[in-house]
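The following paragraphs lead through a model that is predicted, moving from one chain to the other and then to single elements and residues. Please keep the structure in view while reading.

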Amino acid sequence: MKDGKRAGFSYGVEQVPPPKHLVVLAVQHVLLMFVSLSLPIIFAAQMGATPAVTMSIISFSMLAAGIGSILQSLRLRFIGSGYLCPNVCGPSYFSLSLSAAWAGGMPLMRGMIILAGLVEMFLAPVVQKLKRVFPSYIVGLVVAMVGVSIIKSSVASLFGLGFRGDSVGGAGVTVGFFSLLVMVLANLWGRGFLKMYCLLTGMAAGWIAALIFMPESRFSLSSFDHVPVFALPRMPWGAFSISFRWDLLLPFTVIAVSGSLKSFGNLLAAQRIARPEAKEMNFRPIRNGLLTDGFSTALAGFFGAMAVDTSSSNVGLAGSTGVLSRWIATCAGAIFCLLAFLPRLSAIIARMPKPVLGASMIFAGCFMIVTGLRAMFREKWDQRRTFVVGIALFMGLSTGFLPELYARAPGFIQSFFTDPLPTAVIVAVVMNQVVNLDTLIWNRSAGEDHEGG
Amino acid sequence: MKTVRRLWLLAITATLAGCSSQPRGPNTSMYQYRDTRDLVSFVWKAAEFLREYGLEGIHDLRENREEYRTPDYYLYVYDMRGNALFHAGMPYLEGRNMGQMEDHRGRNIQNMISSALQDSGNPHGWVHYSWWEPEGFYPVPKSSCHFLVLTCGGDSLIVGGGMDYPHEEREFIRILVDNAADRILEQGIRVLETIADPASAYSYRDVKVFVFTEDTVLVSPVLEGGGVNLSLMSATDTAGNRPFAMAVEKLEGDAGVWQVFLARDRYRRMPEKKILYLRRVVSAGDTLYLGAVTDMPEAP
């Protein structure tokens, strides 16, 4: 096992695929990473940014995510988890970044994202001390919730839905399900390379189908004359134009904690996939991974990019294909950095039809949910766990079902009940302590009796 | 491996084919919603059909009426005198003259359609109005697009299709503001009276074209705000920004600018995103700013 080779897996964590396969496997991950680039595009549109500023935000977001992915794949003393767990633009930061940008422009957004990154870095060493707080069934819940948290965006994409209230085209839905079916069947029935490149094959099949059946996908590819082939990313907002605001510190800290929890879940999932036989978590790579995540977020803030986060979908893809080599993440990160300087190519890839993107996210998300559930029910179950997991799921999922309710809730509830993943994790951790209070007291008094007796 | 290679070759060929071939149809890339794009394409296809087959094509439309009616929109064809030649939604209107039809604000719909079709900045002939659905209770808001067709037989036809409860497209306010700016450049500030009239085409649903200078508001952006002394340059949104001042700062030349801002939603009591489109025109030495505000689309 030292060389990272695993029985039944195509490439283990430490194994370096041959250059040709390394590049193709990295491209497969890069295509999935492109899903998150919709965030800086939407961000720029909501800010009413000029095309030049939009291009800068996208390029720097790619650069930050690319560098973050490379660092995450390393295994240095304090930096890098050493898992295939690439960085993408973090959706959890999106709405708060937009608020900061509205309140104080790009300088304030940059400053607050840098602070959030520093908070994540500060939290990283604490994780090692949280073994008691995260028993394995809660770890399983966290991993499952990572998959659950992408349900909304992935299904909306699968149906080709751009905006709330818009119609859903029959051709788009057909293309989405066709693409998903090709991915699943290539994974299940495919052998060798077809299985290894199942996502890429499904994406290609879906894109071809979209070009045939969806006229808008042909339109979207018809003109790129205004996009330069090569361009150096520029900072129209000034390299050192950074500001901070105290009143935004608390919400950004809360989101940083949520971001850390999400990355914690992703890194745990990556570890569980890499070491399924392990009975205990190895906290060191997770600590280093969180440190890297925080550093990448701070770097993104310095660049003026969207905050970055570890990617659940890519971890899911690694799990579903069994291709776990961390060098794929290194190569994917390098490609992402390179594409930041090639806007025309990036623009073409970014026009991938939404239903195909949705299919990719669902394909990867399936694995995350099931890996989490299996880890959760691996140990003996009892009534306490039923309440911990049940109440955590109720509260966590309610943030997705009832966003209007939480938007009008008291401030302290709004701060912590943001998204399904962080909410479920916070409630599970608190409930786990509450329902086990009696055993804690009983154990302590038993210990005192023993000492006294 | 061969299978994978073949698949990839096919993918690259199809992608290149997709990139190189110019798709036939109207350019709908300015619209944010699929519903709007679908409606324009739907009406454009019918217009192309009638361009080719002329009045003979009307019989074909009548024989295949269901194809020209969906739960979201339907097709109609008028001649230049306002006679309804075909109406997929309400066939009993066929043969009637619609020239005097007014919406609930008293606006003549045929006149609005004619004006829209003459506006080069309104390539899909959009008009916005409300109508009463037979046996309905509330007026139904509607946005319709139109194409003027010169048939092979030399007849001119207006081919249109409308969507009830339409999405608020930012393109709609761009068309109105640009049209108002062009009219001020041509006719001077006497056009302000028309722009201010709530029964003009410059007001629809919650949208109203407004005009201001750096010192004063000439046409208020608020529908019932005639008596309020607004100072738009110092007005702030719920995030504390000054959207009008920011938009004015961004203006260069005669191109319009877009500015997003936050305002509290009347019904949900939460901040929602609005978008302002602003143009600058100089008329008789005075610098005027023309704008309109509409809703931003929400993520699914």
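The domain bounds used here come from an automatic or database domain assignment. On that basis chain B is divided into domain 1, covering 34–164, and domain 2, covering 170–295, and the centres of domain 1 of chain B and domain 2 of chain B, taken over C-alpha atoms, are separated by 29 Å. Where these two domains meet, 12 residues of domain 1 of chain B are in contact with 9 residues of domain 2 of chain B. On the side of domain 1 of chain B that touches domain 2 of chain B, the elements giving two or more residues are helix H4 (109–118) and strand S4 (140–150) of chain B. The residues of this side of domain 1 of chain B divide into 3 nonpolar, 6 polar and 3 charged.

Taken as a whole, chain B contains 7 helices and 12 strands, and its C-alpha atoms fill a box of roughly 65 × 60 × 40 Å along the principal axes. Of the 300 residues in chain B, 34% are buried. When contacts in chain B between residues at least 6 apart in sequence are considered, 48% of them join residues at least 24 apart.

Two local features of chain B can be followed in more detail. In one of them, strand S1 (residues 73–79) of chain B pairs with strand S2 (residues 84–87) of chain B in the antiparallel sense, over 3 bridges, and Tyr76(B) stands opposite His87(B), which belongs to S2(B). S1(B) and S2(B) form a hairpin with 4 residues between them, and in the turn Gly82(B) has a positive phi of about 90 degrees.

Is His128(B) buried or exposed? It counts as buried because 23 C-beta neighbours lie inside 10 Å of His128(B), the cut-off for a buried residue being 20 or more. Not counting residues up to four places away in sequence, His128(B) touches Ser143(B), Phe172(B), Tyr204(B) and Arg205(B).

We turn now to chain A. Its domain assignment gives domain 1, made of 19–218 + 252–379, and domain 2, made of 380–453, and the C-alpha centres of domain 1 of chain A and domain 2 of chain A lie 27 Å apart. The contact takes 20 residues from domain 1 of chain A and 19 residues from domain 2 of chain A. On the side of domain 1 of chain A that touches domain 2 of chain A, helix H5 (136–148) and helix H11 (249–274) of chain A each supply at least two residues, and the largest share, 7 residues, comes from H5(A). The residues of this side of domain 1 of chain A divide into 13 nonpolar, 4 polar and 3 charged.

H5(A) itself has 13 residues and reaches 18 Å from its first C-alpha to its last, which is close to the 18 Å expected at 1.5 Å a residue. This helix is mostly covered, with 12 of its 13 residues buried; among them are Tyr137(A), Leu141(A), Val142(A) and Met145(A). What covers the buried residues of H5(A) includes helix H6 (151–158), H11, H13, helix H16 (354–376), helix H17 (383–401) and helix H20 (420–435) of chain A.

One of these covering elements, helix H13 (residues 312–321) of chain A, is likewise mostly covered, as 10 of its 10 residues are buried. The buried residues of H13(A) include Ser312(A), Asn314(A), Leu317(A) and Thr321(A), and just after H13(A), Gly322(A) takes a positive phi of about 75 degrees.

Leaving aside its neighbours within four places in sequence, Ala64(A) is in contact with Ser296(A), Leu299(A), Ala300(A), Phe303(A), Ala305(A) and Val308(A).

Notes. Residues are numbered from 1 along each chain as its sequence is written. Chains are lettered from A and ligands numbered from 1 in the order in which they are written. This is a predicted model: local features need pLDDT of at least 70, side-chain atom pairs count only at pLDDT 80 or more; totals for chains, interfaces and linings use all residues. Two residues are in contact if their C-beta atoms, placed from the backbone, lie within 7 Å. Ala, Val, Leu, Ile, Met, Phe, Trp, Tyr, Cys and Pro count as nonpolar, Asp, Glu, Lys and Arg as charged, and the others, Gly among them, as polar. The expected span of a helix is 1.5 Å times one less than its number of residues. Two strands pair if DSSP finds at least two bridges between them.
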